[in-house]
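Hi! Could we go through it together, one question at a time?

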Amino acid sequence: MQRDIFDAEHDAFRDLARTFIAKEITPFHEQWERDGQVSRDVWLAAGRAGLLGTDVPEEFGGGGVADFRYNAVVTEELMRAGATGIGFPLQNDVVAPYLLRLATDEQKQRWLPGFCSGEIITAIAMTEPGTGSDLQGITTNARRADGGWVLNGAKTFITNGIMADLVIVVARTDPDAGSRGFTLLVVERGMPGFERGRRLEKVGLKAQDTAELSFTDVHVPDANVLGAPGGGLIALMQNLAQERLSIAVGCVAGAVRALQLTVDYTKARTAFGRPVASFQNTRFELAEIATEVDVTQAYVDRCITELVAGRLDAADAAKAKWWASDVLKRVVDRCVQLHGGYGYMLEYPIAKAFVDSRVQAIFGGTNEIMKEIIGRQLLD
């Protein structure tokens with residue numbers, strides 16, 4: 001079916017993104033996987049091309065259009081190219097809303113131009129070594145001191161962690177205030193006491209740098225507090241719906257790619273003297289995969305429409321995230337099977353898709369947490 005959520009301007013933007021990826025990313029992605037991170041040059045190139053900060057006001061160097069559909073286009077094109085190491089969706093979909101909604105005018109002037117040009121790479125640090133989806137279990141803390149805050153603690157699994165110039169850190173600032181005892185502190189590259197640990201060795205997403213971060217008596221001035229002190233957890237809850245929808249968008253695009261790779265492979269590969277695609281089992285498998293992908297795409301597109309209209313709630317975003325990531329896992333697994341032994345060889349794109357897809361059901365809140373969110377809404 002023809003998707004109807006995009007207009008001509010989105011289509012033109014998709015052409016721009018696709019051309020950019022073919023020129024600036026695809027030829028280098030394998031090397032970046034060996035390096036464990038992408039080049040900073042690709043961020044600067046993306047800034048020049050207008051792929052960063054499409055919803056940031058023009059006065060700060062952004063696109064000036066608050067429309068998540070442009071974000072979705074970038075994510076879809078990256079996934080369909082197999083460019084899983086590029087952190088643009090984290091910058092555009094996850095960090096941008098915090099800066100746009102919570103930053104002061106002075107902070108916006110200081111950070112957003114570099115954010116849009118690619119000179120400032122961002123990250124958000126929630127997860128800790130002993131705390132995953134349970135945000136209220138965060139132990140990283142900050143206390144008032146000398147016109148700011150002294151930050152101590154550690155974070156892990158931080159995407160863009162090695163390359164980030166600006167990290168939004170979730171810290172406990174009032175242990176007696178419950179959910180109102182958390183504050184968002186912006187830590188910048190070079191602050192004394194801010195250190196990056198090892199680049200984490202992951203099963204997949206090899207070109208995406210993921211790191212441990214530590215904070216030892218880091219002085220964060222009041223000028224780097226994002227939003228109101230004590231309002232950190234509320235801000236997280238407000239922004240997580242878009243983050244989870246962004247994951248769902250990437251998962252559907254990844255499933256579409258896996259299906260197309262497998263259709264092409266089964267038409268070209270022969271067994272017992274005829275194409276693998278000619279066997280009934282292959283046709284039935286592909287038919288089931290195609291149906292599941294199309295149905296999922298329809299729901300995710302509806303969620304995109306709801307987000308653009310300001311109506312997407314936490315439960316619907318959770319449905320999109322857990323369902324689309326589970327669909328991606330199932331689709332890629334079945335596509336590997338249809339590739340036979342070659343599906344297990346990393347030189348084949350479907351094998352890389354296999355190892356890259358598993359984490360989608362974990363980050364952004366595990367799928368078990370997504371079901372808890374949905375269940376609580378149903379029963380409240």
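This is a predicted model: local features need pLDDT of at least 70, side-chain atom pairs count only at pLDDT 80 or more; totals for chains, interfaces and linings use all residues.

Residues are numbered from 1 along each chain as its sequence is written, and side-chain values use heavy atoms, with hydrogens and water left out.

Me: How many salt bridges does the structure hold?
Reply: Side chains of opposite charge can pair when their charged atoms come close. A salt bridge here is a side-chain nitrogen of Lys or Arg within 4 Å of a carboxyl oxygen of Asp or Glu. The number of salt bridges in the structure is 23.

Me: How many residues apart in sequence are the parts that Glu128 and Lys155 tie together?
Reply: The side chains of Glu128 and Lys155 form a salt bridge, 3.0 Å from N to O. Glu128 lies in the loop between strand S1 (122-125) and strand S2 (141-145), while Lys155 is in strand S3 (residues 148-159), so the pair ties together parts whose separation in sequence is 27 residues. Helices (H or I, at least four residues) and strands (E, at least two) are DSSP runs, numbered from the N terminus.

Me: Is Lys155 buried or exposed?
Reply: Buried means under 20% relative accessible area, exposed over 50%, and partly exposed in between (1.4 Å probe, protein chains only). Lys155 has a relative accessible area of 1%, so Lys155 counts as buried.

Me: Which helix holds Arg330, the partner of Glu292?
Reply: Glu292 and Arg330 form a salt bridge, with their closest N and O atoms 2.2 Å apart. The pair links distant parts of the chain, 38 residues apart: Glu292 is in helix H8 (residues 280-308), and Arg330 is in helix H9 (residues 314-339). Glu292 is buried at 18% relative accessible area, whereas Arg330 is partly exposed at 31%. The helix that holds Arg330 is H9.

Me: What separates Lys329 and Asp326 in helix H9?
Reply: Their side chains meet in a salt bridge of 3.7 Å, N to O, between Lys329 and Asp326. Lys329 is partly exposed at 26% relative accessible area, and Asp326 is buried at 16%. Lys329 and Asp326 are three residues apart in helix H9, so what separates them is about one helical turn.
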